Amino acid sequence: MKIAVSGKGGAGKTTISGTIARSLARSGHAVTAVDADVNPMLGISLGMGMDATERLAGIRQELSEGHADHDHEHEYTIDGLIERYGEDAPDGVRVVVASRVDMPDHGCLCCGVSADRLLREIEGTGRTVLGDLEAGVGVLTRMEPGNLDVVLVVANPTPKSIEVARRAVEACVAREIRVLVVANRVAGEEDLDAIRDVLGAHDIVVVPEDPVIRRADAEGVAAIDLDDRSPGVRAIIAISDRLAAEAVPQAA
Amino acid sequence: MSPATAVRPPLWPIDMPLEPRPGGPLWLAVAGKGGAGKSVVSGTLARILARRGHRVLAIDSDPMPGMAHSLGVPEPATPPLLLAAAEKPEHGPWRLKPRVGPMAVVRHYTTHAPDGIRLLQLGKADKDGLVPVNGAVSAFLQTVRRMHEARSLYEWAIVGDLPAGPRQPAAGFSPYARLYVVVVEPTSQSALTARRVARIARGPLGADVLFVASKVTGPYERRLVERLLGEPVDLVVPSDPAVADAERSLRAVIDAAPRSEVVHAVEELADIIQARTLEAA
C-alpha cells in the first residue's frame, strides 16, 4: 500500500507520518518512510533524534558520487537506492530522504531522482510506503491515478490550513486517489465544525490537541516514545489501524 | 569558505557565480521555518532602521501574504507592478527591459510603505499556489541577483523576508544578503531548519548569521533553543500577545503597539546589527 501525507506547512504532517509509520511497524508491517520534503524532518518524528536526522543522506545529492567515471550512467533500482541510502529507524522502519537542499550537490544531471519520481516508482506491494510530502499541493498535482492508494490530508482549524487542505483534496479527487481528511489540533466542536463546513463531504478523522505531541515537537523526540497512550497519539494510532485493516484485502 | 572550495547548493542557478558579491553593509535577509515570526521581525526591523535615518528597501519574496502587513501597507490586490519592467524576447526567456536596472526597479516598481520605505514584492500566489506572472518572477530574480550593480543602493539598508525553510537562500533568491537573521521558535523542527539555513549562509553563500529566538515564554525556552541549535542565540524576542492583536486589526505591530515587548526586542536587534556593521567598517 502507498500512503502520502499532505497539508499546509506546520499542520502536523511530519508528526502524523512518523507516528503512523512507527505504529504500522509495531503491528508487523514492513514500512518504508519516504521524506519528500527538501527540508527533511521525518527522522525526528520517527524517533531517530535530531543529529541522526541531520546525517540522513539525500538520494539526489548522493547519486552524484562516482560521476567522474562518466563512461556509463549510474545504474540503479528504486529498491537499491533505499537499501543503499536509507537508514533504519526504531521499530524497523526504513527511512529515506529524496533530496535535501542544504547539502552540497555535485550536479549529476543524468540521475534525476526527485521526490516525485521516487513516490511514483516505488513499489507498494508487500510493504507499506508512507510519503511525507512538502507543504502545499505541488507534489500531488504531479501524481497520476494509481501512483498512490490513499492520501491523508492534514487540516488544522485555521482558514489558511483548511484552504490548503481543500486544494489537496481537490487534486486527489481529480486523480481518483482516495482521501482521508485528518482534522488535527482539534480543541473542541467549533474547531471540528470549521473543518467539516468545507471538507464535510469526505471521510474525516479527528486528532485532538495534545500537550504530549507539543512537548515531543519541542524536544525533538517521537510522540509515540514519549507517551503512546495520550489522546492525540492514540488517535493517530487508530488511523494506522484503520489503514492496516483496509490494506489486508489488497495484500491477499 | 573560499569560492574555490564552495560547492553549489542543489537549486543554485547554473549560470550564477557563487562567490559573495559587493554590496551595502546593511543588506540582510530574515529566514527560518514557517510560523517562526519572520515577517514580524523583518517588517518591524525595516521600520526601525528607517526611523533611525536609513533609506530602506524591503524585499518580500514570499508568495504567501506577509511583509506588507507587518510593514503597515495594504497588500496590493493587482498583479505585481514588476511585470511592466519585464519583456519576453521572441527567442529566449523573460528578462528585465534594457536600461531597467535594480535602481530603476526600486524607483518605479516598488510600493511605498510608512517611514519612506520602498517595498519590492515577488508577487502573490494564485489558487494553485503559483505566482501567476512568469515575467514578474523573472524580473524579480534578475533584480535581486543584479543588486550589487546599483552602487547608489550601497548606502541603503535592505531587509529581505524569505519564505519558510532553506529553499530560497539555497536557490539564489537572496544573493544580496551579507547577513542572515535566522528566526527560531522553541521547537526541534524550527531549530533544525535554522541550523540548515545557517549552514548554507555561512558556507557556500559566505554570509554572516545572527540567531533570534522568537515566541519565547521564559528562560527555559531560551535554553531549549540554544540546546537544539547547538550554539548561543544573539537575541530573544518574547512571546507577545501584541503580535496576534495587531494581526487581527490588520495593522503593523509597530503602529498598533509601539511600546510592546516585541517592538523593544526588535529595537535591540537593530542595535546589534548596527554595532556589527560599524565593527566591520
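Two strands are taken to pair if DSSP finds at least two bridges between them; strands (E, at least two residues) and helices (H or I, at least four) are DSSP runs, numbered from the N terminus. The structure is a predicted model, in which local features need pLDDT of at least 70 and side-chain atom pairs count only at pLDDT 80 or more, whereas totals for chains, interfaces and linings use all residues. Residues are numbered from 1 along each chain as its sequence is written, and chains are lettered from A and ligands numbered from 1 in the order in which they are written.

In chain B, strand β6 (residues 118–121) has two partners. Strand β2 (residues 56–60) of chain B pairs with β6(B) in the parallel sense over four bridges, and Ala58(B) stands opposite Leu119(B). Strand β5 (residues 111–112) of chain B pairs with β6(B) in the antiparallel sense over two bridges, with His112(B) as the bridge partner of Arg118(B). Five residues lie between the strands of the β5(B)–β6(B) hairpin, where Asp115(B) takes a positive phi near 60°. In a regular strand the side chains alternate between the two faces of the sheet. Accordingly, Arg118(B) and Leu120(B) point one way from β6(B), and Leu119(B) and Gln121(B) the other way. All four are buried, a residue being buried if 20 or more other C-beta atoms, placed from the backbone, lie within 10 Å of its own.

Ala58(B) also belongs to the largest nonpolar core, of 167 residues, and is among the members that touch the most others, as are Val182(A) and Val182(B). Such a core is a set of buried Ala, Val, Leu, Ile, Met, Phe, Trp, Tyr and Cys residues joined through C-beta atoms within 7 Å. Beyond four places in sequence, the residues that Val182(A) touches include Ile16(A), Val205(A) and Ile239(A).

Helix α6 (residues 188–202) of chain B has 15 residues, of which 13 are buried, so the helix is largely enclosed by the rest of the structure.

Between the chains, 25 residues of chain A are in contact (C-beta atoms within 7 Å) with 24 residues of chain B. On chain A, the elements giving two or more residues to this side are α3 (50–55), α4 (59–62) and α10 (211–219).

The model scores ipTM 0.86 and pTM 0.89. The mean pLDDT (the predictor's confidence in each residue, from 0 to 100) of chain B is 88, and 92% of its residues reach 70 or more. Over residues 1–5 of chain B, however, pLDDT stays under 50. Where pLDDT is low, the predicted coordinates should not be read in detail.

Methods
A residue is buried if 20 or more other C-beta atoms lie within 10 Å of its own, exposed if 12 or fewer, and partly exposed in between; C-beta atoms are placed from the backbone. Two residues are in contact if their C-beta atoms, placed from the backbone, lie within 7 Å.
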